[in-house]
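Hi,

Here is the structure I promised to pass on.

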Amino acid sequence: MRDLLASSDPRAKLALDYFVYRIALFAGMLAAAMQGIDAFVFTAGVGENAPDIRNAVAQRLSWLGLKLDPEANAKGAGRISTEGSRVGCYVIPTDEELMIARHTLRVLHAQATTLLEEKHA
């Protein structure tokens, strides 16, 4: 994503535009299915570190009443929507490695429990 954002190649711009379009498309479908949203959250690598992407997505979702605070978006932490925004918009950091480790431990524990149960059956 950093390479695409730094590139002047028109194909990079097309890729970014398509990426933002797909995010907005699915967010719009989910908002319609849920009959609206209270908040929109950016997280993980791109969501946490790409204010230009956040801005482009927010512009596409402005029909929901989402308005970004440019200064808060540039800082990229906590609430990044304006006070007057109908939809709150947030950047919430993740710890993906920790979640992968937790899920791995859960799977290993379940497998160990199954093996112990089979052994004692």
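Some housekeeping before that. This is a predicted model, so to speak of local features I need pLDDT of at least 70, and side-chain atom pairs count only at pLDDT 80 or more, while totals for chains, interfaces and linings use all residues. Residues are numbered from 1 along each chain as its sequence is written, and side-chain values use heavy atoms, with hydrogens and water left out.

**The sheet**

Three strands make an open sheet in the order 1-3-2, with mixed pairing. Helices and strands here are DSSP runs numbered from the N terminus (H or I, at least four residues, for helices; E, at least two, for strands), and two strands pair if DSSP finds at least two bridges between them. Strand 1 and strand 2 are the edge strands, each pairing on one side only.

Strand 1 (residues 39-42) runs parallel to strand 3 (residues 88-91), with four bridges between them. In that pairing, phenylalanine 40 sits opposite cysteine 89. On the other pairing, strand 2 (residues 78-79) is antiparallel to strand 3 and is joined to it by two bridges. There, glycine 78 faces valine 91 and arginine 79 faces tyrosine 90.

Helix 2 covers residues 10-33, and its 24 residues should span 34 Å at 1.5 Å a residue; the end C-alpha atoms are 34 Å apart, so the two agree. (The expected span is 1.5 Å times one less than the number of residues.)

Which residues of helix 2 are buried? They are Ala12, Leu16, Val20, Ala24, Ala27, Gly28 and Ala31. By buried I mean under 20% relative accessible area, with exposed over 50% and partly exposed in between (1.4 Å probe, protein chains only). The cover over these buried residues includes helix 1 (2-6), strand 1 and helix 4 (51-60).

Glutamine 35 lies in the loop between helix 2 and strand 1. Its phi is near 60°, a positive value in a residue other than glycine. Glutamine 35 is exposed, because its relative accessible area is 77%. Alanine 44 also has a positive phi, about 65°, although it is not a glycine; this one is found in helix 3 (residues 44-49).

**The core and the rings**

The largest nonpolar core has 21 residues, and those with the most contacts inside it are Phe40, Phe42, Val57, Leu61, Ile80 and Cys89. A nonpolar core here is a set of buried Ala, Val, Leu, Ile, Met, Phe, Trp, Tyr and Cys residues joined through side-chain atoms within 4.5 Å. Helix 2, strand 1, helix 4 and strand 3 each put in at least two residues, and helix 2 gives the largest share, five residues.

Leaving aside neighbours within four places in sequence, leucine 61 is in contact (heavy atoms within 4.5 Å) with Ala24, Ala27, Gly28, Phe40 and Leu66.

There are two aromatic pairs in the structure. In one of them, phenylalanine 40 and phenylalanine 42 have ring centres 5.1 Å apart and planes at 70°, so this pair is edge-to-face. For reference, rings of Phe, Tyr and Trp (its six-membered ring) pair if their centres lie within 6.5 Å, and planes under 30 degrees apart count as stacked, over 60 as edge-to-face and the rest as tilted. Both residues are buried: phenylalanine 40 is at 14% relative accessibility and phenylalanine 42 at 7%.

**Salt bridges**

How many salt bridges does the structure hold? Three, counting a side-chain nitrogen of Lys or Arg within 4 Å of a carboxyl oxygen of Asp or Glu.

- Arginine 11 meets aspartate 9 at 2.7 Å, N to O; arginine 11 is exposed at 63% and aspartate 9 partly exposed at 26%.
- Lysine 13 meets aspartate 17 at 2.9 Å, N to O. Both lie in helix 2, four residues apart, about one turn of the helix. Lysine 13 is exposed at 52%, whereas aspartate 17 is partly exposed at 39%.
- Glutamate 71 bridges to lysine 75, with the closest N and O atoms 3.9 Å apart. Both are in helix 5 (residues 70-75), again four residues apart, and both are exposed.

Cheers
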